[in-house]
Amino acid sequence: MAIRHGRILRIGNYSYVQIFYIHTYEINLEGKIVVPGFIDSHVHLLFGGLQMARVEVRGVNTKDEFIRKVKEAVKNMKKGSWLLGGGWNNDLWGGEFPSASWIDDITPHHPVWLSRMDGHMGLANSLALKIAGVTSDTQDPVGGTISRNEHGEPTGLMIDAAMKVILSCIPEVSVEERRQALDRASRYALTRGVTTVVDFGRYFPGATVEHSWEDFTDVYKWADLSGRMKIRVCLFFPMPTWSRLADMVQTTGRRVSQWISIGGFKAFADGSLGSNSALFHEPYADEPWNLGLHVDVESLYNMTMQSDKSGLQVAIHAIGDKANDLILDMYRSVAATNGKRDRRFRIEHAQHLTLGSVSKFGEQGIVASVQPDQMLGDADTAVKKIGLERMQKGSYLYQSLLARNALVAFGSDWPVVDINPLNGIKTAITRIPPGWDKPWNSEECMKLTDALNAHTISAARACFLDEDIGSLSVGKLADFVILNTCAWDQLAHETTSVAATYVGGVQAYP
């Protein structure tokens, strides 16, 4: 492979590319496998970078360890400062949700906010609840729930839109901290072979829509103009700000630079499985009265219609089977009204589907933007939440989607799960969660080629970047990854890792 000015010039055997060897730096990889730079189709890049510098409770599997982590974190903190962090998964310690009472004694002078791994629930201590004015009389906001005990007192858990009550009280992260977070996150992504991400920003249920705009101006444009970008980003903005983005793109175009492109708009159709807020046709097994979070469908439809008219891409978060059906029908209606064009509507997550909805992705040209490694943490959760029969029949149907001509793009949703394409590919091929001795629905296991495509060329098509990235092709940007193995059948093996990452023909890692 010959590279010049950041793009691939020629690919072939040694003699075919040898013509360019005058004044050329040559690298002999001695048979090691080279793949296109991995594309992570769904991350929260700055949020992930910020979390790397906060208290980390990911992987904690006992109540005592959770409390110990918090106790350790507050030791050297200034009195009155917020303790922030997250990544906890209550299913790892048996399912019991944490409460403010777990940590109140050790955090009397520090308001605490620790988000659950899925970003749809968080734990506040009593001091944080007091600062936010949350009492037994506080009403649940539309689209959210304040968890309460049998006496009606808040437990500290805030779900989906209720998180805004706490988030609005947390001091803003400084520009410098956010710039450091971009650098930290980008360097980490490169260690995993990720050269491009589709970034949905710091836009979560309950978060302000302004974060995405502030980060675009203060962080991304600054990094681009000052030569500090290390990976390519495709940015999606909150759908409520669709007119602002449409106006901006009329001036700048979708390609801001070789590093930054504008994807489109993001919205939510439900919550998450672990928070019992994903929207299903049938109730939760552990909460028979609960179908999940209902959104304002009419408002979402109107915003989607206007967003689509702008010519930009629309991506909507849908996890439960009813939420996915809602969005599939909405997309069909919007496309019929606004007329035929190559729009590549996206559904983010598409985790649980009815059998009839699988074929609609291919028929309607809708992207299934999915995260294989989430099934590792979801397996035992799904058994409790929706039961074995429903999860075997309708969850993480990647092979079925492919077989029905859907465009399947892989991502991580980092920091919900780790950013690690090689592991995601392995998970999609094997589908064996921790502690299981057989696959979660073996009929849905993917082939290596399909899984690799989902993290490269399919991911590029899913965000309209396939003319520049996603494959090792003449004329495309020279983003590629060298692996530490010479055997294709070892690509999804645990011992396979990233030996080097190149962006635009320049070594970016190590």
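Colleague: In which sense do strand E6 and strand E7 pair?

Modeller: In general, the strands of a sheet pair through backbone hydrogen bonds, either parallel or antiparallel. In this predicted model, strand E6 (residues 83-88) runs parallel to strand E7 (residues 112-116), and five bridges join the two.

Colleague: What is the order of the strands in the open sheet?

Modeller: The order is E5-E6-E7-E8-E10-E9, six strands with mixed pairing. Strand E5 (55-56) and strand E9 (144-148) are the edges; each has a single partner strand, so one side of each lacks a neighbour in the sheet.

Colleague: Which strands does helix H3 touch?

Modeller: Helix H3 (residues 63-74) packs on the sheet and touches E5, E6, E7 and strand E8 (121-124). The direction of H3 makes about 155 degrees with that of E6.

Colleague: How many helices and strands does the chain have?

Modeller: There are 18 helices and 20 strands in the chain. The chain is as compact as a globular protein of its length, because its radius of gyration, 23 Å, is close to the 24 Å that the globule rule gives for 510 residues. Along the principal axes, the C-alpha atoms fill a box of roughly 80 × 55 × 55 Å.

Colleague: What share of the residues is buried?

Modeller: Of the 510 residues, 54% are buried. The chain exposes about 21,300 Å², with 51% of that area supplied by carbon and sulfur atoms. Among contacts with a separation of 6 or more, 73% link residues 24 or more positions apart.

Definitions and conventions. Residues are numbered from 1 along each chain as its sequence is written. This is a predicted model: local features need pLDDT of at least 70, side-chain atom pairs count only at pLDDT 80 or more; totals for chains, interfaces and linings use all residues. Side-chain values use heavy atoms; hydrogens and water are left out. Two strands pair if DSSP finds at least two bridges between them. Helices (H or I, at least four residues) and strands (E, at least two) are DSSP runs, numbered from the N terminus. Contact means heavy atoms within 4.5 Å. Axes are lines fitted to C-alpha atoms, for helices over the stretch in contact, and angles run from 0 to 180 degrees between N-to-C directions. The radius of gyration is taken over C-alpha atoms; the globule rule is 2.2 Å times the number of residues to the power 0.38. Buried means under 20% relative accessible area, exposed over 50%, partly exposed in between (1.4 Å probe, protein chains only). Accessible areas come from the Shrake-Rupley method with a 1.4 Å probe; for residues, only the protein chains shown count as cover.
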